[in-house]
Amino acid sequence: MEGKKDIHQLLHLAKALWQAFVGLLKRFFNAKPDREDEATVVAAISADVSFRGARLWVLVFAIFIASLGLNVNSTAVIIGAMLISPLMGPIIGMGLAVGINDFELLKRSVKNYLVATVISVITATAYFLLTPIDEAQSELLARTAPTLYDVLIALCGGAAGIVALATKDKGNVLPGVAIATALMPPLCTAGFGLATGNVLYFFGAFYLFFINTVFIALATYMGVRMLGFSQKAAGSARRQADVRRYIAAIVVVTMIPAALMTFRIVKQTLVKASAGRFVSEMLDNAGTRVVSYDVDEDSLTLRVVAVGRELSDSAIAAADRRLGDYKLGRYALRVIQGTESDSVMMLNNRLTTMRTTSENYSAMLRESAARMAGLQDQLNAYVRYDAVATDVAREAGALFPAVATVSLALTAQASADTATLRRLPSAIVGLRRGSALSAADRRRMAEWMQRRLGVDTLVLVTTAAPR
């Protein structure tokens, strides 16, 4: 009996602590005391829905500015276009209309949203048909492959936007939301896709715009409900239930392609990490250095380029059998090796077997030391690029968004005329699918890599990154 009383007291104490904790959270996170007058908020959002006269001209000019920024790859210009764009109005209007059951406002918001979207795409298409620069730059390519991260950005941005609009202290939230959610650049990229006949660019960019639309409106709807906006008596409860089902269906359908793209990116990242661990632990050992490796999804092959002491067939076979331990069981291992005729061990054997006179011995020792130093320098050169490859790839990806992978190596270059041989540092840059580098970007990348690696000459090769 006493034990039951103690348990009851503990449960009562736990309940009291939980209620106190919830009360503390409500006191800190309750935004209702800061809420602006509801009628003022609804009137302000409703006024921003319409696209007529001056607002329509502002939209057209913003589209031209954003298209110019994408065309010349200028981030500052694109940000400026996003700040002056009025596209957010009808999207927030749709979320508010559903949240307060104002179906007249919903119809007006949808109508103006469609008008603004069509005019934006037509304006961007016209610009890209007229501009002499028809190459896809990195800023443009970044808007062609949306993922779940874009869903989260739109949802958080929309939530911040409605909280700022519905409260008294708006601060600089709305400009930040306009930049973060980036409604204008995807529409301009869709126009580029139409102008150049690239269907993938068009659908990828338009899908990103649709993601932003759906989840900004969804966040607005949720914010309006959480802030306790009064709802209009709009039809039957069945009609309201139908609207909620439509919202849920649109949200789910919109998320599916983004989720698939995100899954593919995460999968590629995990496979790359597993391949790195496998190469480091199974193949990169004393006397053998792995210059580069890549995973080919088409042929399901893990290609490894190694220099130094050659790996035996048995060692390669043993490593191949261990692929499953690194979650790479469906891939086949292919090791590409170069032959090195000289080694430190061969030089030591030569020193012990060719002892003649002291003069010859001294000469041979100096020769051997020089050759050993040369071999060590060659090995250091290979190891050096192996050591900095990860940092160079990360920095190159930040400077040139089209870059997916970077392979560094010291390659042999033979002259067809003089039969001379020299070794040159080489960089094989894998570009993201659908990406390209302009001649100017390629030249800048080559100059940057020369400075980054501290070399006077560099062989730069660009290719499609392995999927």
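Modeller: Rings of Phe, Tyr and Trp count as a pair if their centres lie within 6.5 Å. The model discussed here is predicted, and it holds 10 aromatic pairs.

Biologist: How is such a pair of aromatic rings described?

Modeller: The description uses the distance of the centres and the angle of the planes. In this structure, the ring centres of F278 and Y326 are 5.4 Å apart and the planes stand at 80°. Planes over 60 degrees apart count as edge-to-face, so F278 and Y326 form an edge-to-face pair.

Biologist: Which parts of the chain does this pair link?

Modeller: The pair links distant parts, 48 residues apart: F278 belongs to helix α12 (residues 237-283), whereas Y326 lies in the loop between α13 (313-321) and β3 (332-337).

Biologist: Is F278 buried or exposed?

Modeller: Buried means under 20% relative accessible area. F278 is therefore buried, at 0% relative accessibility.

Biologist: Which residues do ring pairs link into a cluster?

Modeller: The cluster consists of F64, Y127, F128, F192 and Y201. A ring may also face a charge: the charged end of R55 sits over the ring of F51, 5.2 Å from the ring centre.

Biologist: Turning to the strands, in which sense do β4 and β5 pair?

Modeller: Strands β4 (residues 403-414) and β5 (residues 421-431) are antiparallel, with 11 bridges. By contrast, β5 and β6 (residues 459-464) run parallel and are joined by six bridges. Between β5 and β6 the chain passes through helix α16 (residues 439-453), in a right-handed β-α-β crossover.

How values were computed. Residues are numbered from 1 along each chain as its sequence is written. This is a predicted model: local features need pLDDT of at least 70, side-chain atom pairs count only at pLDDT 80 or more; totals for chains, interfaces and linings use all residues. Side-chain values use heavy atoms; hydrogens and water are left out. Two strands pair if DSSP finds at least two bridges between them. Helices (H or I, at least four residues) and strands (E, at least two) are DSSP runs, numbered from the N terminus. A crossover is right-handed if, with the strands pointing away from the viewer, the path from the first strand over the helix to the second runs clockwise. Rings of Phe, Tyr and Trp (its six-membered ring) pair if their centres lie within 6.5 Å; planes under 30 degrees apart count as stacked, over 60 as edge-to-face and the rest as tilted. Buried means under 20% relative accessible area, exposed over 50%, partly exposed in between (1.4 Å probe, protein chains only). A charge sits over a ring if NZ of Lys or CZ of Arg is within 6 Å of the ring centre and within 35 degrees of the ring normal.
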